[in-house]
Amino acid sequence: MSKMPVNLCITLALVLTLIFLQNLLLAADTQQHPKPFIVTSVSPITNIVRNIGGTHIHVIGIVPDGTDSHTFEPIPSDIKTLQAADMIIVNGLDLELPTLKLAEKVKKTKTTILQLGNRTLKEEDWQYDFSFPREHGHPNPHLWLNIELVMRYVEIIKENLSTLDPANKESYQKNAATLLAKLQKLDQAIFGCVGTIPINNRKLVTYHQ
Ligand SMILES: [Zn+2]
């Protein structure tokens, strides 16, 4: 019968003890510095925030996928979610008015509400059209379909997450840079693709949402 050398046994025991201690320390650290809890609204915004925050933040988007964001009304359980938020990030430009109203009422005093669209476009640049007539007073809020404007959303989210959680600033900047590079590539690909279509045939048929 082979016996494990004593030295090896001691080393193994030491390694296991170290792993155990490290886990304890990690657990204590997570308790002392819980991840920032970010509450978002619609899935395009949730997606951008997740890409930038990565594993350093906890994100919940309260408008369920497949729901019409224009008519969405928050449900009672959303109150708890909004109350717990360390930052609330919405598209703005009047897209999520019932959610915004509730958030302002129930949020923690120090929690900021970021309205990305309102920080991206000045009021004189707001767009009105058939679906969003000027006389109704609500601009077209769909800025996330324009890559240049999405890139501004990325910058705003990166800056605000870095201020909220400076310990992970480097990570937010790195993730944002990666996302911006992807968006740049996508923008070029779309331009390249459209360029192959004769100008007179450039008609887009789309379903809103
Ligand atoms: Zn829409």
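**Core, sheet and helix packing**

Ile 157 touches Ile 48, Val 49, Ile 52 and Ile 89, leaving aside residues up to four places away in sequence. The model is predicted. Ile 157 is also among the residues with the most contacts inside the largest nonpolar core, along with Ile 52, Ile 88 and Ile 89.

**Nonpolar core**
- The largest nonpolar core has 26 residues.
- Two or more residues of this core come from each of β1 (37-40), α2, β3, α6 (147-164) and α7.
- Helix α6 gives the largest share, five residues.
- In soluble globular proteins, nonpolar side chains tend to be buried together.

**Sheet**
- Four strands form an open sheet in the order β2-β1-β3-β4, and their pairing is parallel.
- From one strand to the next, the twist averages 20 degrees.
- Strand β3 (residues 87-90) runs parallel to β4 and is joined to β4 by four bridges.
- Ile 88 has Ile 113 in β4 as its bridge partner; Ile 88 is also one of the residues with the most contacts inside the largest nonpolar core.

**Packing of α2 and α7**
- Helix α2 (residues 43-53) and helix α7 (residues 169-195) have axes that come within 7 Å and cross at roughly 125 degrees.
- At this angle α2 is oblique to α7.
- On the α2 side, the contact is made by Asn 51, Ile 52 and Gly 53; on the α7 side, by Tyr 172, Asn 175, Ala 176 and Leu 179.
- Of the residues in the contact of α2 with α7, four are nonpolar, three are polar and none is charged.

Definitions and conventions. Residues are numbered from 1 along each chain as its sequence is written. This is a predicted model: local features need pLDDT of at least 70, side-chain atom pairs count only at pLDDT 80 or more; totals for chains, interfaces and linings use all residues. Two strands pair if DSSP finds at least two bridges between them. Axes are lines fitted to C-alpha atoms, for helices over the stretch in contact, and angles run from 0 to 180 degrees between N-to-C directions. Angles under 35 degrees count as roughly parallel, over 145 as roughly antiparallel, 65 to 115 as roughly perpendicular and the rest as oblique. Two residues are in contact if their C-beta atoms, placed from the backbone, lie within 7 Å. Ala, Val, Leu, Ile, Met, Phe, Trp, Tyr, Cys and Pro count as nonpolar, Asp, Glu, Lys and Arg as charged, and the others, Gly among them, as polar. A nonpolar core is a set of buried Ala, Val, Leu, Ile, Met, Phe, Trp, Tyr and Cys residues joined through C-beta atoms within 7 Å. A residue is buried if 20 or more other C-beta atoms lie within 10 Å of its own, exposed if 12 or fewer, and partly exposed in between; C-beta atoms are placed from the backbone.
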